[in-house]
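Hi,

Here is the structure I said I would pass on.

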Amino acid sequence: MKEIRVRFAPSPTGPLHIGGVRTALYNYLFAKKNGGKMLLRIEDTDQTRFVPGAEDYIIKSLDWCGIKFDESDIVGGPYGPYKQSNRKHLYKQYSDELIAKGHAYYAFDTAEELDNLRKEAEAQKKTFIYNAETRQELRNSLTMTKEDVDELLADGTPYTVRFMMPENHIVEMHDIIRGDIKVNTNTLDDKVLFKSDGMPTYHLANIVDDHLMKISHVIRGEEWLPSMPLHVLLYQAFGWESPEFAHLPLLLKPDGNGKLSKRDGDRLGFPVFPMQWENPETHEISSGYKQSGYYAEAFINMLALLGWNPGTEQEIFSMDELIQAFSFDHCSKSGARFNVEKAKWFNHEYLMRRSSEEVGAEYKEWLKSEKNIDADIQYVTKVAALVKDRVNFVKEMWDQSFFFFEEPTTYDEVTVKKRWKENSADLMRQASEVIRNIDDFSAENIEKVLNEWITGNELGMGPVMNGLRLMLVGAGKGPHIHEILALVGKEEALKRIEKGVEVLK
């Protein structure tokens, strides 16, 4: 069996969409499951769309996700360089080879001429296609003498090299996910493979590099499915063995139809990029999963199940478990709808699996950076243990625990109106004395003493507990009262009760 070799080959034309991350992930899982290798190749042949900083962003994002490469310009490898702009000296010979074999030709049509042909076709309610039907009437080496072609090339006349699509030929292909596919070449155009500026187009560079880098499987998004016939024909034209193909389903927007886009994220308030991205031209900042508080493991787990399922009820997977379970047998052909709430659910599950010490350390860091509160780590860990089951992200813990770090300065009007009665002030004074006399100020003992006092005096649990919560928190939220009391301590609790009664009486 030949060695499994896959590649993730992004173009640095902007930030890495989560659909791209999923493509990288499936490549990674497939390679590791089969003892293969995965390489990173930067496809930057289209210099007009190059965006400064995008390449660095892609590399850092994949590293955060835990997707590691066996070969790249960073880690090295036997088939480098792994950036197409550093390989451009390679491609012309392959373009020339296709011309020599009669599978490609020079085209000298200007952009203006082609644009006019498109407009003429539109006026007749047709679509202009540069193919077997039209190429014999255009300015190319198929309609010109060799002397004329050589003269134009010698004069430096701009040209493109186009693939000569066979006429009325059925291309038979196999996709691992979609099965057998047949396409008639009459529906395809003669794609440009090489330009006179010395740069290949994606189609030629992609095929040549995959061949030279011994890629065994091309795993990419569904949007590349229309290019598959051309790529298969290019392999045949060169006389090379074609890799196997797998085209992954699209990620769909949460509502409505269509591919998930940045606009959907902006509209519905969720990230579509793994990490925060700042547009170098407009300086617009787009949110990222990392900066939004997602754990990388939760993000990857969520992505893995968009378009693939393990065939079981299991939903939580470590990276190693994903590698063991992954198979294209369980990949969907149809698009996978993104679910914002499910993404949050995954993060909650991973947060709950972290120890209170780990979450406490993260929360301490957040408190320092966002609230300038430098709290004791043991205290923060205890707070984290009490409230982490109530949140999806560490940053949400503040709303559930602010009262552990600062006393109430206001009292929620709705809660006051609902819970504060005529006898509430007197009840709180009595509760204050009971609390003052508790020696063992553990949560368990506080609960025991308060319950005995309430039931022994037939006071009713609601009026006392709701009143104490209002005094300690300033609102109708938070963990059990005995847990709040134990953590803030007796003196702080008594001070808050006294102040609350004075404000509300």
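A salt bridge here is a side-chain nitrogen of Lys or Arg within 4 Å of a carboxyl oxygen of Asp or Glu. Before the results, two notes on the set-up. This is a predicted model, where local features need pLDDT of at least 70 and side-chain atom pairs count only at pLDDT 80 or more, while totals for chains, interfaces and linings use all residues. Residues are numbered from 1 along each chain as its sequence is written, and side-chain values use heavy atoms, with hydrogens and water left out.

Salt bridges first: the whole structure has 37 of them. Arg 178 and Glu 222 pair at 3.4 Å, N to O. That pair links distant parts of the chain, 44 residues apart: Arg 178 is in the loop between strand S5 (170-175) and strand S6 (179-184), and Glu 222 is in the loop between S8 and helix H7 (228-238). Helices (H or I, at least four residues) and strands (E, at least two) are DSSP runs, numbered from the N terminus. Arg 178 is buried at 17% relative accessibility, whereas Glu 222 is partly exposed at 24% (buried is under 20% relative accessible area, exposed over 50%, partly exposed in between, with a 1.4 Å probe and protein chains only).

Lys 92 and Asp 96 make a local pair, with the closest N and O atoms 3.0 Å apart. They sit four residues apart in helix H3 (residues 88-100), so about one helical turn separates them. There is also a network of salt bridges that links Arg 7, Arg 41, Glu 43, Arg 87, Asp 209 and Asp 210.

On to cysteines: I found zero disulfides (cysteine sulfur atoms within 2.5 Å) in the whole structure. The cysteine sulfur nearest to that of Cys 65 belongs to Cys 331, 18 Å away, which is too far for a bond. Cys 65 is buried at 5% relative accessibility, and Cys 331 is buried too, at 10%.

Last, the largest pocket. By pocket I mean an open set of points on a 1 Å grid over the protein atoms alone, where a 1.4 Å probe fits, with protein on both sides within 12 Å along at least five of seven lines; lining residues have an atom within 4 Å of a point. Its lining has 48 residues, and Pro 10, Ser 11, Thr 13, Arg 49 and Trp 224 lie nearest the centre. Helix H1 (18-33) is among the elements giving two or more residues to that lining, and H1 gives the most, with five.

Cheers
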